[in-house]
Amino acid sequence: MKALTLNIHSHSNEHNEYDYHHMIRTFSNYIIKQKIDVIAIQESCQTGTKEQVMKEELSSFIPCQEGVTITNDNCAWLIVKEAEKKGVNFYWTWCQAKLGYSKYDEGLAILSRYPILQTEEAYISRSHDFYNWKTRKILGCEILIESKIQWFYSVHMGWWQDEEENFISQMLRVQKIVENKKENVFLMGDFNSPSHVRGEGYDYIKANKWKDTYELALEKDNGITVPGMIDGWKQGVDQGMRIDYIWSKQSISVASSKIMFSGNTEPVISDHFGVCITII
């Protein structure tokens, strides 16, 4: 099985339609060519004022909340639509979490080649205010993969040092959401916690017995997912960091963990690089 996570940063202040659709095609072509089974996306956005997609065009969409609407520039929908043009179908879900750049519905998405049995979404921040940029959610899917049920979550955490939205309180909420899951659980996404900083978010997650699939991998690269300064990390960051992870609740066999969309074998399409693992 192959799993991929990417903070795709789909819409920004400098949002350009041509570049956006080129990114969509690039990403879609990659997940088709590499036969990725499960994809978790963060900062998967849409413009809420755009035209809504008709229900008949959302046949593989599994809603995670009542009344959710998909507009015609929704990042996840366009990726799925591009794949369908090439004869590859993905089940998928998406939820909005907050307002991005004062004009976009910023959310989370999960795509799967395998049937999604159920979905769930929940706030992990204290704030539930759509207009508060610190509002955070978690999005989960129960997926049946080759006769084995597993849970996958798309996660976008706050910062360790944030006094209003403390990392520990958010992680405690994540723990509460998944604690009764009998199946294995994967947390996939942008944790805003550098792996090289001791005594903060990365160490806290490990102390809660989550397994870093990068460490489990038999083959790996340098793991850097952010090459330099980005939004939220403009102070004191002058070199790369590993802040995007795929965590597993259980100890599993991982053949490889590799960085994608870093400009080496694939073009850069976001301010983050992707993480792709192959599970034996």
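Which residues line the largest cavity? Select A97, K98, E106, G107, L108, T135, R136, K137 and H156, and you have the lining. A cavity here is a set of points on a 1 Å grid over the protein atoms alone, where a 1.4 Å probe fits but cannot get out, and lining residues have an atom within 4 Å of a point.

Before moving on, a word on the model: it is predicted, so local features need pLDDT of at least 70 and side-chain atom pairs count only at pLDDT 80 or more, while totals for chains, interfaces and linings use all residues. Residues are numbered from 1 along each chain as its sequence is written, and side-chain values use heavy atoms, with hydrogens and water left out.

Back to that cavity: about 60 Å³ of space lies in it, taking volume as the space filled by probe spheres set on the grid points, which are joined across faces, edges and corners. Color β3 and β4, the elements that give two or more residues to the lining; the largest share, 3 residues, comes from β4. Helices (H or I, at least four residues) and strands (E, at least two) are DSSP runs, numbered from the N terminus.

Next, select D212, T213, Y214, G223, T225, R242, D244, Y245, I246, S257, I259 and V275, which line the second largest cavity. Its volume is about 50 Å³, and β11 gives the largest share of the lining, 3 residues.

Now for the largest nonpolar core, with 35 residues. Such a core is a set of buried Ala, Val, Leu, Ile, Met, Phe, Trp, Tyr and Cys residues joined through side-chain atoms within 4.5 Å; buried means under 20% relative accessible area, with a 1.4 Å probe and protein chains only. Show L4, F27, I31, I39, I79, W92 and L111, the residues with the most contacts inside this core. Then center on I39: leaving aside residues up to four places away in sequence, I39 touches L4, F27, I31, F90, A109, I110 and L111 (contact means heavy atoms within 4.5 Å). A second, separate core of 24 residues includes L139, I145, F273 and V275.

Last stop: α2. Is this helix largely enclosed or open? Since 8 of its 11 residues are buried, α2 is largely enclosed by the rest of the structure. Those buried residues pack against α1, β2, β3 and β4. Zoom in on the start of α2, where a side-chain oxygen of N74 reaches to within 3.0 Å of the backbone nitrogen of A76. After α2 comes G87, with a positive phi near 80°.

Methods
Buried means under 20% relative accessible area, exposed over 50%, partly exposed in between (1.4 Å probe, protein chains only). A polar contact is a pair of N or O atoms within 3.5 Å; within protein, one must be able to donate a hydrogen and the other to accept it, and residues adjacent in sequence count only if both atoms are side-chain atoms. On a 1 Å grid over the protein atoms alone, a cavity is a set of points where a 1.4 Å probe fits but cannot get out, and a pocket is an open set with protein on both sides within 12 Å along at least five of seven lines; lining residues have an atom within 4 Å of a point.
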